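The sequence and the model are shown below.

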Protein chains: 2
Amino acid sequence: MKHHSRTTAVLFDIDGTLIDSNYLQVQAWSEAFDAVGQPVDDARIHRAIALDSSKLLDTLLGDRATELGDDAKARHRTAYQALSGRLRPFSGARNLLAAVAAHRVAVVLATSAPEDELKLLRTALDAEQYLTAVTSAEDAETAKPDPDILQTALGKVGAAAGDAVMVGDTVWDGQAAARAGVAFVGLRSGGMAEAELRTAGAAAVYDDPAHLLANVDSSPLASLWATTN
Amino acid sequence: MKHHSRTTAVLFDIDGTLIDSNYLQVQAWSEAFDAVGQPVDDARIHRAIALDSSKLLDTLLGDRATELGDDAKARHRTAYQALSGRLRPFSGARNLLAAVAAHRVAVVLATSAPEDELKLLRTALDAEQYLTAVTSAEDAETAKPDPDILQTALGKVGAAAGDAVMVGDTVWDGQAAARAGVAFVGLRSGGMAEAELRTAGAAAVYDDPAHLLANVDSSPLASLWATTN
């Protein structure tokens, strides 16, 4: 009897999920907003991280986004590049990707980071050998919480929504996963609380990649091992 | 008939409650831990902010705290001083203190910040005329979540625990208030989630000082107006 195995996939957010970058992003945006004369409270910036930059600017600058947005974006870019030497993968991040790949499950980086940031993140992550596919800001018209990025990620590897799990650290990841019909696993490594991630639909919440890796066979990811093998 | 009015007080945490400083603290500690060769995830640092520095070092460096703690502390101090130009009071912070003072309720800054940081914070806050008393690291042997700082703050103005409300942004503030028998009001301005602050005992949670000020007469602070007047 022949088994027809289906393509399964884990879609990983990067910022705050695999790389410890959220607080550097807060700092870079905070400096940018100060510089354009429209300071924004850091906790508000933190909650907007993972939105694409135009949504983030609309959320945080309101009706001044049109006037100040381009300047803020340019200043953020400069500030973030200056901080990029501090980008560091979370403990266990690479090994988690290796473990998923070893189960013959596609590993997809599903992010809407702009190309220049994505390059920095992939260099810091140093895990190209485990990746089946990668998305970026150029792959979808609208970013999280819209489901486009996740649908693009699924399309790139030919997996159905029900044969995939999204791993992310923000409520926006959870909302995008829900809209795409993909199960969501939340990590607290980006600074969000378990309760927030649960409210955003997380089926399970772990501290960070190392904690998920240590419990991976009892996690929602293990349902994919069963499907593939 | 003569009314004997009692002394009532609002005990305010400063970092993340009145001044937008938590994320600058995360950055300064993060740089310090990198520099001593023991990087710590930013979200873990964030959750330890508001502990005094020896508790924070024990929490984040574990058994390497003795060996690396003094060096990390010195590097944090340098990094934080360099960032101090970015310290900014939250919108509504000064007006909130003014409103409390106008109700003849004592305004106490109840913090365990070291003297050098406290000076930076008070300069940024620029609200000396509303303050009845201030605590600092030198006023108590143990910091939040122990209740010592709050008990010192109450003692300085002669208020009973039941005639005071603590306003803070961290679970450590909430735990200290609970142990001191003081009602706790949580603000999300330091980056903690409402659910975390509720779990730590918050009777009410507001976004930031401006949000509390807009709702102050229906907040737990209003119980103090009634007692005083």
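## Arg86 of chain B and its surroundings

Leaving aside residues up to four places away in sequence, Arg86(B) touches Gln27(A), Ser30(A), Glu31(A), Asp34(A) and Leu24(B). The model is a predicted one. With Asp34(A), the contact is polar: the side chains of Arg86(B) and Asp34(A) approach to 3.3 Å. Arg86(B) itself lies in a loop of chain B, between helix H4 (65–83) and helix H5 (93–102).

## The sheet of chain B

Chain B contains an open sheet of six strands in the order E3-E2-E1-E4-E5-E6, with parallel pairing. The edges are taken by strand E3 (133–134) and strand E6 (204–206) of chain B; each has a single partner strand, so one side of each lacks a neighbour in the sheet.

Strand E1 (residues 9–12) of chain B is joined by four bridges to strand E4 (residues 164–168) of chain B, and the two run parallel. Within this pairing, Ala9(B) has Ala164(B) as its bridge partner, and Val10(B) stands opposite Val165(B). E4(B) is also joined by four bridges to strand E5 (residues 183–187) of chain B, again in parallel. Here Val167(B) stands opposite Val185(B). Between E4(B) and E5(B) the chain passes through helix H8 (residues 171–180) of chain B, forming a right-handed β-α-β crossover.

How many of the five residues of E4(B) are buried? Five of the five are, so the strand is largely enclosed by the rest of the structure. In a regular strand, side chains alternate between the two faces of the sheet. In E4(B), both faces are covered: Ala164(B), Met166(B) and Gly168(B) are buried on one side, and Val165(B) and Val167(B) are buried on the other.

## Strand E1 in chain A

Strand E1 (residues 9–12) of chain A likewise has both faces covered, with Ala9(A) and Leu11(A) buried on one side and Val10(A) and Phe12(A) buried on the other. E1(A) pairs in the parallel sense with strand E2 (residues 106–109) of chain A over four bridges. Four bridges also join E1(A) to E4(A), and these strands run parallel. Leu11(A) takes part in both pairings: Leu11(A) stands opposite Val108(A) in E2(A) and opposite Met166(A) in E4(A).

## Helix H8 in chain A

Which residues of helix H8 (residues 171–180) of chain A are buried? They are Val171(A), Asp173(A), Gly174(A), Ala176(A), Ala177(A) and Ala180(A). An α-helix has 3.6 residues a turn, so residues three or four places apart point the same way.

The cover over the buried residues of H8(A) includes helix H7 (148–157), strand E4 (164–168), strand E5 (183–187) and helix H9 (194–199) of chain A. After H8(A) comes Gly181(A), which has a positive phi near 75°.

## The two domains of chain A

The domain assignment divides chain A into domain 1 (9–18 + 90–224) and domain 2 (22–86). Taken over C-alpha atoms, the centres of domain 1 and domain 2 of chain A are 23 Å apart.

The size of an interface is often given as the accessible area lost when the parts come together. Domain 1 and domain 2 of chain A bury about 1300 Å² between them, and 51% of that area is on carbon and sulfur atoms. In terms of contacts, 18 residues of domain 1 of chain A meet 16 residues of domain 2 of chain A.

Note on methods
Residues numbered from 1 in each chain as written. Chains lettered and ligands numbered in written order. Predicted model: local features only at pLDDT ≥ 70, side-chain atom pairs only at ≥ 80, totals over all residues. Heavy atoms only, no water. Pairing = 2+ DSSP bridges. Polar contact = N/O pair within 3.5 Å; in protein donor to acceptor, adjacent residues only side chain to side chain. Contact = heavy atoms within 4.5 Å. Buried < 20%, exposed > 50% of the residue type's maximum accessible area, 1.4 Å probe, protein only. Right-handed = clockwise from strand over helix to strand, strands pointing away. Domains from an automatic or database assignment. Buried area = accessible area lost by both parts, 1.4 Å probe.
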